[in-house]
Amino acid sequence: MDPIRFTPPLYEQRYEFVKAYINIHKPKKVADLGCSECSLLHKLKFWDCIEELVGVDIDEEILRRKGYTLMPLPFHYLDPLESPLSVTLYHGSVAEKDPALLGFDLITCIELIEHLETKDLEQFQDVLFGFLAPKAAVISTPNVEFNVLLSEKACFRHPDHKFEWSRKEFQSWAMNIARQYNYTVEFTGVGEAEPKSKDVGYCSQIGIFTKNYNESEESFNIKKSHTSVYKRILHVEYPSIQEEKYLRKVVLKNALLHADRLKTNFLQNLYPEEDEENVNMADCEKKTCAVSRWISGFQTPIEAEEGKVKPPFLEGDAIHVPLETLFAVPKVKKLCGSLDVLQQMMNGEILLSSDGSAVVYPLHVEHDLDSEMSDA
Ligand code: SAM
């Protein structure tokens with residue numbers, strides 16, 4: 001018998017299922033129980049809506065070995081996220097209550113329950129649905145009916161599996177839980193058999209549980225005071241523009257990128273290379289030309305909105321790029337919200353005019369640089 005090969009692989013299909021669910025329901029706080037090598041957490045860590053990501057596994061060694069894949073890289077400090085993101089890994093058993101996992105929007109248990117002994121499974125269901133009570137839970141487990149297509153031998157798919165359920169067994173377990181803990185449950189799965197195969201259901205069966213009630217603050221606070229039992233293995237906060245220091249960096253980067261481009265354009269038009277067209281231009285004509293062409297320093301017409309933003313100008317021996325003009329750049333406007341905030345962010349970081357209304361580029365520096373370069 002040819003073994004069935006899924007494309008994409010079955011584990012990928014399970015992750016894709018979770019990702020599709022997250023895309024629709026936009027949970028902010030997500031925990032993965034039995035996270036093993038943290039592969040699902042890794043895939044979820046830059047999901048727009050997710051701000052808190054937690055993994056739990058009873059295998060401490062695997063968490064220590066694979067947890068590093070969840071840590072920020074130097075690059076993330078240069079390009080901070082828009083929303084906050086924390087990632088935490090705990091060593092512990094899903095059969096034990098820990099308040100660290102209270103208040104979650106989604107808890108996933110992907111191919112976990114079949115690894116639990118009967119007693120642990122009973123405790124787990126009380127921990128998950130009675131204590132943690134997330135807004136939603138996604139539980140996947142092998143569907144034993146599919147096994148006839150995987151192997152001729154009657155055996156479990158993995159030596160550590162304590163059971164493998166038929167669709168009826170899984171659904172009756174899940175519906176009992178839903179009734180007991182006031183959840184609604186729907187069933188689906190991933191990994192389909194060839195159409196010509198007999199009806200064996202999906203290879204991985206999935207239950208999606210949705211909570212039917214809002215917990216009172218009082219009950220939540222009582223649970224919050226429960227003693228912690230999990231051991232924290234990793235906790236990282238990704239740099240995000242929600243933190244003032246990173247917001248300032250991103251604002252400066254975006255505003256100065258434009259300021260530099262506008263200044264360079266203005267300068268090029270002010271001192272164009274002498275060619276047939278402008279060799280006879282008077283200085284005042286050159287300035288007019290520079291002012292009218294400065295706008296091409298913007299990347300898009302929306303940014304430019306010619307006429308609504310002030311052009312750079314020469315004052316004394318320096319080019320001035322008005323902050324008002326930089327504030328017209330959509331990203332800068334979105335990040336700062338007001339011109340005053342832009343001014344505060346730039347103040348002390350870059351040379352501004354005495355009234356703080358423009359970025360100043362002294363012209364003599366340009367000339368010095370030019371002569372240095374021609375000397376070299
Ligand atoms: N969810 C992972 C994925 O989809 O990539 C794979 C899960 S793996 C098949 C089962 C995991 O459950 C193992 O990493 C195992 O250590 C963990 N596990 C078993 N019993 C557990 C328990 N009582 N508490 C927490 N994790 C447990």
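S240 is found in the loop between strand 8 and helix 8, where helices (H or I, at least four residues) and strands (E, at least two) are DSSP runs, numbered from the N terminus. This is a predicted model, in which local features need pLDDT of at least 70 and side-chain atom pairs count only at pLDDT 80 or more, while totals for chains, interfaces and linings use all residues. Residues are numbered from 1 along each chain as its sequence is written, and side-chain values use heavy atoms, with hydrogens and water left out.

- S240 is buried, with a relative accessible area of 3%; buried means under 20% relative accessible area, exposed over 50%, and partly exposed in between, with a 1.4 Å probe and protein chains only.
- Leaving aside neighbours within four places in sequence, S240 is in contact with P80, L81, S83, P84 and Y246, contact meaning heavy atoms within 4.5 Å.

- An open sheet of 8 strands runs in the order 6-7-5-4-1-2-3-8, and its pairing is mixed; two strands are taken to pair if DSSP finds at least two bridges between them.
- At the edges of this sheet stand strand 6 (183–190) and strand 8 (231–238), each of which pairs on one side only.
- From one strand to the next, the twist averages 15°, with axes being lines fitted to C-alpha atoms, for helices over the stretch in contact, and angles running from 0 to 180 degrees between N-to-C directions.
- Strand 1 (residues 29–33) pairs with strand 4 (residues 106–110) in the parallel sense over 4 bridges, and the bridge partner of V30 in strand 4 is L106.
- Helix 6 (residues 167–181) packs on the sheet, where it touches strand 5 (136–142), strand 6 and strand 7 (204–211), and its direction makes about 155° with that of strand 6.

**Surroundings of the ligand**

- The ligand is surrounded by 14 residues, the closest being Y15, G34, D57, V94 and I110; a residue is near a molecule if one of its heavy atoms lies within 4 Å of it.
- A polar backbone atom of G34 is 2.8 Å from a nitrogen atom of the ligand, and a backbone N or O atom of I110 likewise lies 2.8 Å from a nitrogen atom of the ligand.
- In the side chain of S93, an N or O atom is 3.1 Å from a nitrogen atom of the ligand.

**Cysteines**

- The count comes to 0 disulfides, a disulfide being a pair of cysteine sulfur atoms within 2.5 Å.
- C35 is in no disulfide, since the nearest cysteine sulfur, that of C38, is 4.4 Å away, too far for a bond.
- C35 is buried, with a relative accessible area of 5%, and C38 is buried with a relative accessible area of 0%.

Key
A polar contact is a pair of N or O atoms within 3.5 Å; within protein, one must be able to donate a hydrogen and the other to accept it, and residues adjacent in sequence count only if both atoms are side-chain atoms.
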